[in-house]
Amino acid sequence: MTSTYKSISYLPILHNPFLNCIFNNPQYFKSPLKGVVDELQSNHTNFTILVPPAHVLNEYYDPTTESSNSKTPLKELCYNNEDFIRSHIINTASPVSCTITPISKEQSVIYNTLNNKQVLIKNRIIYTGKGFRRSLKLKTLSIQYFSSFCDYFPKRSKFMIIYIESTLFGGIPPRKMLPPLPQVRESNETKKDIDSVTFEKLLRSFPLLSKAVSDKFYRLFHHNNYQFRVLRYKNRKKLSHIKLEFQKILQEAFSIISDSVNVDNPNSEQTYNLINHIISMYPGIDLNKLVHEYVELNLYDVLWSQLIFQFNCPNDDKETYDPEAFLILTKEKYEKLSCLSLNQLDIPVNEPWLMNELHERISLGVQEFEKLTDSSIMNSAAKTQVVYNTFRILTQRKSGTVDPVINADTLIGLLIMVIIHSKIDNIEAHIYYIKHFNSIDNTNDGQFNYIMSNLDAVLFHFSKKESGYLDLIENSKKNYETWNAIKNNDLEKVESILKLVKNEYPDTELPENHFIKSKNINGESCLMFAVKAKRYDIYDCLINSDPNWIPIDSILFEKNVMTNQNLLMCALIEETDDKIIDDLVDIILENATLDEQIIYFNMTDISGRSVGHYLFHNYKLISKIGPLIDWEKKDNNSHTPLFSLCRCYDHPEYVELIEAGFDCVYKKYGETGVDYDKHVDKSGNTLLHVLLRGIPESKMLSNRDNLVNVNQLNQRCLSPLMVYVKYNRLENLKEVLKDSRLDFLGEDFKNHYNVFDYLSFSALKSTKSEKFQNIENVVFDYYLQNYFPHGATENVVALNAKYDGGKKDWLIFFKNGDGFCNYKSLRNIKQILYLTKLRQPLSAFPSEEAFWKNYGFGISTSPMFHKVRINRLIDDFNLLFEGLTFQESINRSEFFKTFLTEYSQETSILESKRKISEQLDMNKQSLGEITYKLSQIQEIEYFLEYSLSNFQKYAYLFSRLAKLVCIGDSKQVDCKNVLDTIIYRLNVTTVFDDIFTYPEVNNQAGTLGVAREYFYWIQTHGDELLNGIQKLVSDINSWKQMYYAICHINSELRQMEPHDTVLHDSQENSNGQEPLSRRDSSLSIHPIPEEELEDDSLGFLSNFVGTSKKARYKKLVVEKSETVKNIMKLNSEIKWSHELIAAEISDFLKFRTEFLRFGMKRYIVEEVKKLKQRNTELSKFIFLVRKDK
């Protein structure tokens, strides 16, 4: 028994088992891969391969074996499970269905896999569907083309690849993940549910309850209810009468509920059961409270208007008539006390940091207490809650702050400030309502009674029975005069006030309750007002009148408690006089310790910003206090001080600002190095992204020690280069183009836009702008200088593409160095290339099949792949244009012109083919009548055989080299991915983490891919030339067959002719006639008259041959005549083809050398660029490791 073996070759194994199984499998001809390979071979552009990450396949297990003792690794499924392989290959050429959402315009497409399962692709998410055991939702990591290097797929074929985060079958991680922490239900959730229940909601939710009581409640609350008419009339009455009337209505409401469950009521049992059901649904619910609040809801407007009327009656006889209705805090009294300061209330707190805490509580308390006037507060429970919240703010400590002792005296002072500055009209009515109309009996509630007693104490403090409030009015008046003089820049008034104070307190400290030390509720003192007034003279008077008045502690702790901005921050924000800022900084630097200075300059406001974030208002301070600033401190938007400097676009001295900021940062962090990753905001913008101009001054790119990623994308997938083009930052664009690490043609991983796409977007807005024209010229010139052969007299470049919905075709934008540009549709381009090949059928110009091999013209693909596919096609166009600069067989000028011009009348393809065919025939006819000897044909044949042999050897060696380059590109990617994974897992916080950023998210292409494209292009030209040579060899073989056929015919004819005739002919030829040439003897004969052939009686044949012999002779003569005509025609074809092939071979030898040299230069440039980028990434990792140590 004999067995047959196929040749098996082994190449380096790919790190991804799935890719290795499909593209690098020596056993491809065996199951389970044989059927898959056969289908992919037939038309690889119809399919897209879904590839799981390498680490998932190598480390995870098959979920179907989770419960078994021996788990199956997923990588084994790649080689042994045909269902697994087929499930990850989808037929994108024939979608099952496609829908588009009307608003977001997102496409949802369902595809079949090779084994007729279904997957849904929507918004870059893949969902498993029909046929899959598990319903999974997988993110798309990246998409690209994978170049095949194996022999069993079409040569130079590229497959569409979508990397997904896991397999469509799922996967079990190598280590069991910790279970999620149990969710502990908060104890107050039930209470919140009960608090949200109202009697009105119960009536709406339970129609039976509504039917039992709603009509009675309607009559109770009706404005014509005579029983409770007292509340409807606005006349003077005691508050106790109003309260009594409310209690009567409340009792009537309770009676309505009681009557609904009375046995005399026919529906009492149902109502009773329903109420019990409600109580069971909401354990702890208080129906009496709900009914009380329901009554309040319906009577609040009436009750409140009555209370307001009574409190606003004149106070003349209220002492005897109704002392409870006495109005104490009127608008006039609020106005007189509006400038009262906390330090003037004799509270036992003097430390400035504690006073800041109290001022903050007062401000927050005022905001809360003002809610009493909100129209939504319509019952006693809500009013009580506002009061509770206010007291909680005043008494409870905030996390991370110093806790002042809040005793009774302090609390009264805080309450006075809150009530005075909240300026609530009829505050007495609110307090009375809370006390006497509450749904809860607070008689024994100590906290409630304590709060109410404090509020009563404050009101008593401002009554005529207490004389202390007159001092408060006087203090408020002094505060107002001082503050107003400062705000109005009244220097004389300020000087006179300070002079009086100086006379009263010469060279001594001021008492704590003095008006010079007064502050508003936001904690702003006279010094803060002076800073905001922006007048140095007033500031100087305050700060330098007496050093004892404003000590250094007061300056350091001076701040607006609501914004938490210190004195210097406010000075910078208000852009006050530079002399004020300089003096303030000098005072701090001279009088505060170093630690105090660092704390002061780096304290943050409510936005998380420090003084450093506001230095752009006065950048000259950077040289003074820059070394003390924490330049890496981020605010709430993740902006560092340096980041904020870069974003100050409207600064008149922007470049100087940038230079000062970066110089200070370099000096401060010079020894350890600047960590630029800490200067990235929430949107992923780096300093390069936000910088408006001044890159040379920032030294970010020129300083070799700076570990800056010049190609980093933000969350909108924009690189700095794209940002500069999009926002017309010409200066930055010129600078970044000088950096050798720049990935000029880099695409974002989401939309696959490159710099030319963003240039086209900008063109829609500012085509006529001079700056845009400059940017366009700079970008295009950079491309010609770095990506197009130098010295080319003609050029044209395909830049980008857009989809035309009307034509339902892609339009490619072409431009040349002279500024001419045009859009061409793919259909027009295909015709141009097809007709060019028809005009030069034997040239090395790529054929239609070779050029469009990987595009799949007319074949649909996944929506995610549209832009990728067209981008790679644009690369092929540019390869074509680059190659033509090294070729002479094609008229470059005319060819390039076809892409830059539009023809008014386009000729049909059939008409163009006819004209080209006629032109080729004319070219052949212009050669004249061509005759070849056998020796000449043999010379041509030898030349062709020699050339063919050399080309075949060259093609074989070159194809092997191209294969190695192709797999080298894949191995470059593998090495990078493995190293990225190792670096990630070296981090101690992620060493045991199974969820991390997949390396496949990044662009899965190595630099050898650049060289591979040039190798492939040379191979394509060589294959076309080999086809031309083989066609000419075929014509030579045909010529030789015809030649030997004529010789055979001549031999037969000589045997059939009489000897004397032959002798006679030879004599005639020897008697001065033209000698027999190849035309006269073996290759042609003189024309024979038809009548001579048709008449059997004519000629010498009738003397010695029979009828059959005559017919045979005639047949041979006609056959020879036709063969001679064909060989003469073939002579012209061989002559024309030979000359073209010889020229093409010569041209190809030159093209091969020059184009490969250009391609290798491109590869070396890209390799150096990638190495520099990789060096930056690894250096950054080492920098972080050292920094952590």
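Helices are DSSP runs of H or I with at least four residues, numbered from the N terminus. The exercises below use this numbering on a predicted model.

**Exercise 1.** Find the helix that holds L986, and decide whether L986 is buried or exposed.

*Solution.* Step 1: L986 is found in helix α41, which covers residues 934-986. Step 2: the relative accessible area of L986 is 55%. Step 3: exposed means over 50%, so L986 is exposed.

**Exercise 2.** Describe how helices α15 and α18 pack, and state which residues meet.

*Solution.* Step 1: two packed helices are described by the angle between their axes and the distance between the axes. Step 2: for α15 (residues 380-395) and α18 (residues 446-461), the angle is about 80° and the axes are 11 Å apart. Step 3: angles of 65 to 115 degrees count as roughly perpendicular, and therefore α15 and α18 are roughly perpendicular to each other. Step 4: from α15, the residues T384, V387, Y388 and F391 take part; they meet Q447, F448, I451, M452, N454 and L455 in α18.

**Exercise 3.** Work out how the salt bridge between R1174 and E1177 sits in its helix, and classify both residues by accessibility.

*Solution.* Step 1: the closest N and O atoms of R1174 and E1177 are 2.8 Å apart; the limit for a salt bridge is 4 Å. Step 2: both residues lie in helix α46 (residues 1107-1188), 3 residues apart, so they are separated by about one helical turn. Step 3: an α-helix has 3.6 residues a turn, so residues three or four places apart point the same way. Step 4: buried means under 20% relative accessible area. R1174, at 15%, is buried, whereas E1177, at 31%, is partly exposed.

**Exercise 4.** Determine which parts of the chain the salt bridge between K815 and E776 links.

*Solution.* Step 1: the closest N and O atoms of K815 and E776 are 3.5 Å apart. Step 2: K815 belongs to strand β12 (residues 809-815) and E776 to helix α35 (residues 770-787); the two are 39 residues apart, and the pair links distant parts of the chain. Step 3: both K815 and E776 are buried.

**Exercise 5.** List the buried residues of helix α26 and name elements that cover them.

*Solution.* Step 1: in α26 (residues 594-602), the buried residues are Q597, Y600, F601 and N602. Step 2: their cover includes α23, β10, α24, α25 and α27.

How values were computed
Residues are numbered from 1 along each chain as its sequence is written. This is a predicted model: local features need pLDDT of at least 70, side-chain atom pairs count only at pLDDT 80 or more; totals for chains, interfaces and linings use all residues. Side-chain values use heavy atoms; hydrogens and water are left out. Buried means under 20% relative accessible area, exposed over 50%, partly exposed in between (1.4 Å probe, protein chains only). Axes are lines fitted to C-alpha atoms, for helices over the stretch in contact, and angles run from 0 to 180 degrees between N-to-C directions. Angles under 35 degrees count as roughly parallel, over 145 as roughly antiparallel, 65 to 115 as roughly perpendicular and the rest as oblique. Contact means heavy atoms within 4.5 Å. A salt bridge is a side-chain nitrogen of Lys or Arg within 4 Å of a carboxyl oxygen of Asp or Glu.
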